[in-house]
Amino acid sequence: MLRHEFQPGKLVAGLFLTVAGITYAGDAGDAWDTPWFAVIPMVVGGLCLAGAVGLLARTVRNRRDSRRTNTPLEADRTPQPPLTP
């Protein structure tokens with residue numbers, strides 16, 4: 001199986017949408033009574049949190065990748081003298 005990068009923003013969004021689905025399923029099954037407007041803040045807040053987590057993860061990933069400066073291509077380059085007119 002191919003490995004892929006961990007994307008915590010998608011995980012957070014999936015968790016909040018799953019909780020919203022369980023909330024509606026419990027209301028439909030008469031396990032509890034949920035007001036119709038209760039899930040909207042849950043979904044919107046979860047998506048906002050997922051966006052913030054995704055942005056943070058991308059920032060950390062880019063910062064970690066930028067610290068790797070000695071790549072083979074950069075190590076093989078020789079400095080060129082400046083052109084004189």
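These entries go from the whole chain to single residues.

**Entry 1: the whole chain**

I noted at the start that this is a predicted model. I then asked how many helices and strands the protein chain has. I found 3 helices and 0 strands. Read along the sequence, the pattern is α-α-α.

Next I looked up burial. The protein chain has 85 residues, and 14% of them count as buried. I also looked up the surface. The chain exposes about 7,500 Å². Carbon and sulfur atoms supply 66% of that area.

Then I looked at contacts along the chain.

**Entry 2: helix α1 against helix α2**

Helix α1 covers residues 8-28, and helix α2 covers residues 39-66. At what angle do they pack? I read about 170°, with the axes 7 Å apart. Angles over 145 degrees count as roughly antiparallel, so α1 is roughly antiparallel to α2.

I then listed who makes the contact. From α1 the list includes P8, G9, F16, L17 and T23. From α2 it includes V39, M42, A50, V53, G54 and A57. Sorted by class, the contact has 16 nonpolar and 4 polar residues. It has no charged residues.

**Entry 3: P8**

I started with P8, which is in helix α1. Is P8 buried or exposed? Its relative accessibility is 17%. Buried means under 20%, so P8 counts as buried.

I set aside its neighbours within four places in sequence. P8 is then in contact with V53 and A57. I also looked up a distance to G54. P8 and G54 are 46 residues apart along the chain. Their C-alpha atoms are separated by 6.3 Å.

**Entry 4: G9**

G9 is also found in helix α1. I read a relative accessible area of 11%, so G9 is buried.

Which residues does G9 touch, not counting those up to four places away in sequence? I found A50, V53 and G54. G9 and V53 are 44 residues apart in sequence. In space they are 5.1 Å apart, C-alpha to C-alpha.

**Entry 5: T23**

I moved on to T23, whose place is in helix α1. Its relative accessibility is 14%, so T23 counts as buried.

I left aside its neighbours within four places in sequence. T23 is then in contact with W32, T34, V39 and M42. Two of these names, M42 and T34, get their own entries below.

**Entry 6: M42**

Where does M42 lie? I found M42 in helix α2. Its relative accessibility is 21%.

M42 is in contact with F16, V19, A20 and T23. I also looked up M42 and L17. They are 25 residues apart in sequence and 8.3 Å apart in space, C-alpha to C-alpha.

**Entry 7: T34 in the loop**

I turned to the loop between α1 and α2, where T34 is found. Is T34 buried or exposed? Its relative accessible area is 12%, so T34 is buried.

I looked for polar contacts next. The side chain of T34 makes one with the side chain of W32, at 3.1 Å. Not counting residues up to four places away in sequence, T34 touches T23 and D27.

**Entry 8: D30 in the loop**

D30 also has its place in the loop between α1 and α2. I looked up its backbone. D30 has a positive phi of about 60°. I marked this one, as D30 is not a glycine.

Is D30 buried or exposed? I read a relative accessible area of 69%. Exposed means over 50%, so D30 is exposed.

**Entry 9: looking back**

The chain has 3 helices. Helices α1 and α2 pack at about 170°. In the loop between them, T34 is buried, whereas D30 is exposed.

How values were computed
Residues are numbered from 1 along each chain as its sequence is written. This is a predicted model: local features need pLDDT of at least 70, side-chain atom pairs count only at pLDDT 80 or more; totals for chains, interfaces and linings use all residues. Side-chain values use heavy atoms; hydrogens and water are left out. Helices (H or I, at least four residues) and strands (E, at least two) are DSSP runs, numbered from the N terminus. Buried means under 20% relative accessible area, exposed over 50%, partly exposed in between (1.4 Å probe, protein chains only). Accessible areas come from the Shrake-Rupley method with a 1.4 Å probe; for residues, only the protein chains shown count as cover. Axes are lines fitted to C-alpha atoms, for helices over the stretch in contact, and angles run from 0 to 180 degrees between N-to-C directions. Angles under 35 degrees count as roughly parallel, over 145 as roughly antiparallel, 65 to 115 as roughly perpendicular and the rest as oblique. Contact means heavy atoms within 4.5 Å. Ala, Val, Leu, Ile, Met, Phe, Trp, Tyr, Cys and Pro count as nonpolar, Asp, Glu, Lys and Arg as charged, and the others, Gly among them, as polar. A polar contact is a pair of N or O atoms within 3.5 Å; within protein, one must be able to donate a hydrogen and the other to accept it, and residues adjacent in sequence count only if both atoms are side-chain atoms.
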